Amino acid sequence: MKPTLDLPPLWLVLFAGLLWAQAEWLPIGGFGVVGRMIGIRLIVVGLSLAAVAIVWMTRARTTVIPHEIPQALVTTGPFALSRNPIY
């Protein structure tokens, strides 16, 4: 039996919702425009890294889905620096 909430996009949506709720109902102080710009840049870098990792896995003709059987071990590109840069 496969877990139903073990996919990174579902976890991302869940935690983004929790962060939004915390910011709305329990604000702990703002970081202003600079903090927002840093946050947006970190999100863009993270999503870009995940996209590049998916491209490398597609080139190797292996799956991106965690519970499927992989067809290849990718050790180049972003995988040379991190075991799984998508996570």
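A: W11 and F15 both sit in helix 1, four residues apart, about one turn of the helix. Helices here are DSSP runs of H or I with at least four residues, numbered from the N terminus. Bear in mind that this is a predicted model: local features need pLDDT of at least 70, side-chain atom pairs need 80 or more, and totals for chains, interfaces and linings use all residues. Residues are numbered from 1 along each chain as its sequence is written, and side-chain values use heavy atoms, without hydrogens and water.

Q: How many aromatic pairs are there in the whole structure?
A: Two. W11 and F15 form a stacked one, 5.9 Å centre to centre with 20 degrees between the planes. Rings of Phe, Tyr and Trp (its six-membered ring) pair if their centres lie within 6.5 Å; planes under 30 degrees apart are stacked, over 60 edge-to-face, the rest tilted.

Q: And what about W20 and W25?
A: They pair edge-to-face, at 5.9 Å and 70 degrees.

Q: OK, switching to T63. Buried or exposed?
A: Buried, because its relative accessible area is 16%; the cut-offs are under 20% for buried, over 50% for exposed and partly exposed in between, with a 1.4 Å probe and protein chains only.

Q: Where is T63?
A: In the segment after helix 2 (32-59).

Q: Which side chain does T63 make a polar contact with?
A: That of E68, at 3.2 Å. A polar contact is an N or O pair within 3.5 Å; within protein, one atom must be able to donate a hydrogen and the other to accept it, and residues adjacent in sequence count only if both atoms are side-chain atoms.

How values were computed. Helix = DSSP H or I, 4+ residues; strand = E, 2+ residues; numbered from the N terminus.
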